[in-house]
Every structure is written in structure tokens, then in C-alpha cells.
Amino acid sequence: MEKLIDESVQGAALLLDKSIKNSRKLYIESYGCQMNFSDSEIVASILASEGFNTTDRLEEADLVLVNTCSIREKAELNVRKRLEKFNAIKKNKPHLKVGVLGCMAERLKSQLLEEEKIVDMVVGPDAYKDLPNLVREIDAGRNAVNVLLSKEETYGDIAPIRLHSNGVTAFVSITRGCDNMCTFCVVPFTRGRERSRDPQSIVQEVKELWNKGFKEVTLLGQNVDSYLWYGGGLKKDFDKATEIQKVTAVDFSDLLSLVAEALPKMRIRFSTSNPQDMTLKVVHTMAAYRNICNHIHLPVQSGSDRILKAMNRLHTRVEYMTLIENIRNIIPNCGISQDIIAGFPTETEEDHQDTLSLMDHVKYDFGFMFTYSERPGTMAARKLEDDVPEAVKKRRLEEIIALQRRHSLYRTKKYLGKIEEVLIENSSKKSDAQWMGRTSANTVVVFPKEGYVIGDFVNVKIMDCTSATLLGNAVGLSENN
Ligand code: 5AD
Ligand code: SF4
């Protein structure tokens with residue numbers, strides 16, 4: 001009898017606990033790559049089942065999570081500044097808890113608890129399913145850390161809660177981690193070994209998005225071309241797979257076909273492609289399906305063979321140019337964008353000129369350009385002196401950006417007078433009377449709203465342009481609606 005009473009008291013305590021939990025508010029902020037924004041949607045889903053509702057208002061939060069980026073030093077400094085702000089809020093709200101997620105959590109581990117007194121919880125990118133336990137720990141007044149990396153975790157079984165969504169475009173992650181070991185990059189250390197997600201769960205997620213009215217998905221991975229599903233397991237262990245697993249394996253091009261066929265009206269994008277892993281099979285698949293967008297984000301990092309080698313990019317300048325030529329032969333109007341790093345260790349003026357001449361050759365539509373930032377623990381940090389002076393890095397970066405701007409304008413001007421299919425995503429940032437959307441090649445288009453609505457595929461006649469934006473007028477709905 002006594003035991004029964006005990007249990008009912010415990011039950012009541014649990015109920016009370018749940019009702020407290022149900023009223024709790026989670027504020028989650030994401031930095032860095034698209035994968036982090038996508039991960040935050042997984043985190044929101046995991047904590048929703050613990051009774052946390054997300055909020056956009058920092059001041060009403062009970063739990064603040066920062067999903068962090070370590071790719072460059074500046075990204076980490078930004079997060080540390082943000083933590084100061086949370087610290088100020090906590091002064092008036094002592095019950096506020098703060099957790100650091102993502103790459104900084106993985107890189108710095110419990111050191112973060114010592115360096116940033118405001119932080120209660122540190123959770124690496126593969127440990128989000130442990131969040132319910134970790135939150136219980138911090139509720140009990142203890143700090144909590146889980147930075148274990150996994151060989152299997154893909155979160156394929158978690159239905160993300162879409163955050164800050166326009167209801168039209170969404171990210172769907174397909175691989176996690178990276179095995180490439182580019183010498184400048186901290187990602188293999190913070191996100192672990194590469195693994196692929198079950199294609200059926202990917203197709204299912206895209207179907208669910210379509211049923212909710214979404215019109216475009218971006219398949220995400222650090223290196224999408226390396227996607228390989230043979231029943232689970234690390235990419236590097238594929239050699240050990242059975243014959244049946246080898247025959248039925250799904251590579252990235254197969255995955256693209258699967259998704260494109262399952263949802264023939266859904267626009268499909270993907271990012272990021274790695275030149276050394278991208279196959280022509282993928283390019284042919286892009287050409288074969290109308291709904292796969294004609295855009296490839298193909299980081300090159302440098303145009304110098306010597307620097308590419310020092311970066312452990314496993315392709316040469318000529319191989320990269322051949323890939324571009326093949327892409328343009330197969331998809332003549334394909335948008336191509338880049339990432340470039342200025343001032344990698346030992347980079348000479350001649351190496352820099354090689355980067356500029358490669359850019360002149362490709363004439364990218366747009367790009368993301370950075371000065372080199374040494375990351376602790378990477379091969380470059382261990383073996384090479386960060387010897388290009390900061391002023392030289394900056395000047396080279398400015399030259400790269402200026403050249404890219406000219407190339408972008410060259411590309412946008414080619415659209416003048418043409419009609420492009422645009423998917424409306426949002427109101428234009430500059431004018432509430434205009435819509436903003438993108439072409440298949442990922443170029444931004446702005447045009448008067450008239451009677452169209454978010455989510456419409458509209459044919460737009462391009463009348464004017466800047467280097468970053470096309471300006472036009474709608475001529476009618478496209479046949480894709
Ligand atoms: N310094 C500067 N840029 C970097 N990137 C990755 N690591 C570094 C670094 N240590 C850039 C690369 C990559 C993009 C995501 O970030 O260009 O493609
Ligand atoms: Fe980093 Fe290279 Fe992997 Fe990209 S491909 S995440 S740059 S290691």
C-alpha cells in the first residue's frame with residue numbers, strides 16, 4: 001500500500017513537472033553554414049517533445065541555445081560577443097539557462113564552461129538526441145556536456161520543426177561530417193566522419209514538405225557528391241560491404257533522381273559540391289530533370305596548383321577547368337558559384353594571380369570569399385606558418401571581390417530581355433511592393449507584386465540588373481504551378 005501511495009505521489013510530481021515544462025520557452029540562434037540552421041530545426045523538434053516551445057523573443061526565453069560555427073576565428077568571436085549579451089540578460093533573470101551547440105561546442109568542449117561563465121551546457125553536433133537528459137542535468141543545477149561524435153547519427157528519424165520559415169523553401173540534410181581533410185578546415189574535427197542518411201527517410205521528408213506547401217528543397221551536406229547509402233555505415237567502410245549492398249547502393253546522382261521523380265514539381269537544389277568528388281553522372285542527372293535547379297556551388301579555394309596541393313584539395317587547376325567545361329557543355333546556362341580563400345600560408349603574388357586568372361576563365365555567377373584564418377588543430381596550423389601578412393591577405397581579398405563583382409555583372413547582364421521562371425520566396429527587403437525570388441540558376445530576382453503570392457512560380461521578364469539582382473516584370477504564372 002505504501003508503495004502505491006509513493007507511486008501516485010511520484011506520478012503527481014511528474015505531472016507537475018510536465019506542466020512546468022510545457023510552459024517553457026526555447027530561444028535558438030544559429031550561426032555559420034546552412035547545416036547549422038538545419039540542425040537547429042532538429043534541436044527544436046527534440047526539445048518540443050520535452051515541452052519546449054520556440055520563441056523569437058529573447059526576453060521571454062527560459063533556455064537560450066546558440067548553434068555555433070568555428071570555420072573562421074571571427075565566427076567564434078561573434079558568438080563570444082553574443083554570450084556577453086546573454087550574460088547581461090541573465091543578471092535580471094537568474095533562472096535563464098544557456099547552452100552552446102555545434103562546432104564551437106565540439107572544438108572547445110568543457111573548456112567553454114571555464115572560459116564563458118554564462119554557459120551551462122555544451123553539446124556537439126552528434127549529441128542532440130541527448131538534449132532531454134542534458135536539460136534535466138542543468139535543471140538540477142549542474143553543468144552538462146556531451147561532445148561525443150558518432151559514426152551513425154544522421155537524425156534521419158527526427159522530423160525537423162521549421163524555424164523562421166517562409167513556408168516555401170526548406171533545407172533537408174543528406175550527409176553529415178566530412179572525410180576530405182582539407183588542411184585549412186576545422187569541419188572534419190567538429191563534425192566527424194562522413195555518413196549518409198537513408199534515402200527513404202530523405203524522400204519521406206521531402207514529401208512531407210510538399211504536402212505542407214513547400215516548393216523548393218536544398219539537399220545539404222558538407223560534400224554532397226560523396227553521398228553513398230548502402231544500408232548505413234561510414235563511407236570509408238564501403239569496401240567491406242556485401243555484394244548485394246554494393247549492387248543496391250544509392251549514390252548522390254541516384255538520390256537526386258529518386259527525389260526528382262517522387263516530387264516532379266518540387267524544385268531541388270543541393271549544396272555543397274566538391275570538385276574532386278563531383279561526377280558527370282550527377283551533371284547528366286541535373287540535365288535530365290526539369291525540377292533539379294541549374295546551379296552548382298563548386299568551391300575552388302585557389303587557382304594555384306601549388307596552393308591546391310598544400311590545401312590537400314585533391315584536384316588540379318586543369319581538372320577543375322575541365323569539370324567546368326563539361327558542366328557548361330551539358331547544362332549551358334548552369335549557374336556556378338565559388339568559395340575562395342585569400343592568403344593561405346606560403347601564397348605568393350603569382351599564386352594569387354593564378355586565382356584571379358582562374359576566376360577570369362570561369363566567370364562565376366557569385367561567390368563567398370574570405371581571408372585565411374588559422375584554425376587550431378588543423379593540418380595547416382600544425383605544419384605551415386600563417387606567413388601572409390594580414391594587410392596582404394586583405395588586399396588580395398579585395399581584388400578577388402572586385403573581380404567577382406565584375407563577373408557577377410557580366411552574368412546578370414546576360415539575362416536582360418529574357419524571361420525566367422522565378423519561385424516567389426518573400427517580400428523584397430528594399431520594398432514591400434515587390435516580391436523576391438530566384439531563378440533556377442539561383443540568381444535573385446525582384447519584381448512588382450501585382451496579384452501573385454508567395455510560393456507562386458512566375459515567369460518574369462528581366463528589364464534591368466545590378467551585379468547581385470535582376471529586376472523585372474511578371475508576365476504570368478509559369479506552367480509549373
Ligand atoms: N579560413 C578561411 N576560410 C575558410 N573556409 C574554410 N576554412 C577556412 C579557414 N580556415 C572557407 C572555405 C570553405 C567555406 C565554407 O569556408 O572557402 O569552402
Ligand atoms: Fe572542410 Fe574540405 Fe570538408 Fe569542405 S570539403 S567541409 S572545406 S574539409
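Predicted model: local features only at pLDDT ≥ 70, side-chain atom pairs only at ≥ 80, totals over all residues.
Visitor: What makes strand β13 (residues 267-271) count as mostly covered?

Guide: In strand β13, five of its five residues are buried, where buried means under 20% relative accessible area, exposed over 50% and partly exposed in between (1.4 Å probe, protein chains only). Residues are numbered from 1 along each chain as its sequence is written, chains are lettered from A and ligands numbered from 1 in the order in which they are written, and side-chain values use heavy atoms, with hydrogens and water left out.

Visitor: Which residues of β13 point one way, and which the other?

Guide: Arg267, Arg269 and Ser271 point one way, Ile268 and Phe270 the other way, and all are buried. In a regular strand, side chains alternate between the two faces of the sheet.

Visitor: How many bridges join β10 to β13?

Guide: Five bridges join these parallel strands, and since two strands pair if DSSP finds at least two bridges between them, β10 and β13 are a pair. One of the bridge partners is Arg269 in β13, which belongs to Thr218.

Visitor: What joins Ser271 and Thr272?

Guide: A cis peptide bond, with omega about 10 degrees. Thr272 is in the loop between β13 and α11 (280-288).

Visitor: Which strand is joined to β3 (residues 63-68), and how is that known?

Guide: Strand β4 is joined to β3 by six bridges, and the two run parallel. Thr68 stands opposite Gly102 in β4. Strand β4 (residues 97-102) is mostly covered, with five of its six residues buried.

Visitor: Why is the pair of Tyr128 and Tyr155 called stacked?

Guide: The search of the whole structure finds six aromatic pairs. For Tyr128 and Tyr155 the values are 5.9 Å centre to centre and 20 degrees between the planes. Rings of Phe, Tyr and Trp (its six-membered ring) pair if their centres lie within 6.5 Å, and planes under 30 degrees apart count as stacked, over 60 as edge-to-face and the rest as tilted, so this pair is stacked. Tyr128 lies in the loop between β5 (121-123) and α6 (131-139), and Tyr155 in the loop between β6 (144-146) and β7 (169-173), 27 residues apart. Both Tyr128 and Tyr155 are buried.

Visitor: What kind of aromatic pair do Phe366 and Phe368 form?

Guide: Phe366 and Phe368 are edge-to-face, at 6.0 Å centre to centre and 90 degrees between the planes. Phe366 is partly exposed because its relative accessibility is 22%, and Phe368 is partly exposed at 42%. Phe184, Phe344 and Tyr372 form one aromatic cluster.

Visitor: How do you know that the charged end of Arg72 sits over the ring of Phe370?

Guide: The charged end of Arg72 is 3.5 Å from the ring centre of Phe370. The criterion is NZ of Lys or CZ of Arg within 6 Å of the ring centre and within 35 degrees of the ring normal. Lys363 also has its charged end over a ring, that of Tyr410, 5.7 Å from its centre.

Visitor: Which residues surround ligand 2?

Guide: The residues near ligand 2, with a heavy atom within 4 Å of it, include Cys178, Cys182, Cys185, Phe184 and Arg313. The shell has seven nonpolar, three polar and one charged residues. Nonpolar covers Ala, Val, Leu, Ile, Met, Phe, Trp, Tyr, Cys and Pro, charged covers Asp, Glu, Lys and Arg, and the others, Gly among them, are polar.

Visitor: Why is Asn312 called partly exposed but Asn442 buried?

Guide: Asn312 has a relative accessible area of 25%, so it is partly exposed, while Asn442 at 14% counts as buried. Neither is a glycine, yet phi is positive in Asn312, about 60 degrees, and in Asn442, about 80 degrees. Asn312 is in the loop between α12 (305-310) and α13 (317-330), Asn442 in the loop between β18 (434-438) and β19 (444-448).

Visitor: What makes Glu425 buried?

Guide: Glu425, in strand β17 (residues 419-427), is buried because its relative accessible area is 7%.

How values were computed
Helix = DSSP H or I, 4+ residues; strand = E, 2+ residues; numbered from the N terminus.
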